[in-house]
Amino acid sequence: QRLAPEKSSEIEELHRKRQRDGLSASELEALATLMKEYTRIMLVRSRSAALLKQRGHDVSELCEEHEP
């Protein structure tokens, strides 16, 4: 599972805006929600990779992919 490209773009834009101008309360809430989803996805992926590695699968190519 991956974060949808539009959500990834929204995270990037909110991070840029936070650095540039700051965020409103609703924007902070939106960013927090998106980051929770991203974190959940990354935890599931890392647990899955660890389980695959334990079972003898090569997971080295999974480490080459990066998301925001």
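Hi everyone, let me start with how the chain holds together: of the contacts between residues at least 6 apart in sequence, 49% join residues at least 24 apart. Please keep in mind that what you see is a predicted model.

The inventory is brief: the chain has two helices and zero strands. How spread out is the chain? Its radius of gyration is 15 Å, while the globule rule gives 11 Å for 68 residues, so the chain is more spread out than a compact globule.

Buried residues account for 16% of the 68 residues. On charge, there are 12 positive and 13 negative charges, and their mean positions lie 6 Å apart.

Now to helix H2, which runs over residues 25-54. Does its length agree with that of a helix or disagree? With 30 residues at 1.5 Å a residue, H2 should span 44 Å, and its end C-alpha atoms are 43 Å apart, so the two values agree.

Which residues of H2 are buried? They include Leu 31, Leu 34, Tyr 38, Ile 41 and Ala 49. Part of the cover over the buried residues of H2 comes from helix H1, residues 5-20.

Let me take two of these residues in turn. Leu 31 sits in helix H2. Its relative accessible area is 5%, and buried means under 20%, so Leu 31 counts as buried. What does Leu 31 touch, once residues up to four places away in sequence are set aside? The list is Ile 11, Leu 14, His 15, Arg 18 and Leu 23. Looking along the chain instead, Leu 31 and Arg 45 are 14 residues apart in sequence, and their C-alpha atoms are 21 Å apart in space.

Ile 41 is also in helix H2. Here the relative accessibility is 2%, under that 20% cut-off, so Ile 41 is buried as well. Beyond its neighbours within four places in sequence, Ile 41 is in contact with Gln 1, Arg 2 and Leu 3. Take Gln 1 as an example: Ile 41 and Gln 1 are 40 residues apart along the chain, yet their C-alpha atoms are separated by 6.7 Å.

Finally, what comes after H2? The helix is followed by Gly 56, which has a positive phi, near 90°. Cys 63 is also in the segment after H2. Is Cys 63 buried or exposed? Its relative accessible area is 57%, and exposed means over 50%, so Cys 63 is exposed. Cys 63 and Ala 49 are 14 residues apart in sequence, with their C-alpha atoms 9.1 Å apart in space. Ala 49, you will recall, is one of the buried residues of H2.

Note on methods
Residues numbered from 1 in each chain as written. Predicted model: local features only at pLDDT ≥ 70, side-chain atom pairs only at ≥ 80, totals over all residues. Heavy atoms only, no water. Helix = DSSP H or I, 4+ residues; strand = E, 2+ residues; numbered from the N terminus. Expected span 1.5 Å × (residues − 1). Buried < 20%, exposed > 50% of the residue type's maximum accessible area, 1.4 Å probe, protein only. Contact = heavy atoms within 4.5 Å. Rg over C-alpha atoms; globule rule 2.2 N^0.38 Å. Lys, Arg positive; Asp, Glu negative; His and termini not counted. Charge placed at Lys NZ, Arg CZ, Asp CG, Glu CD.
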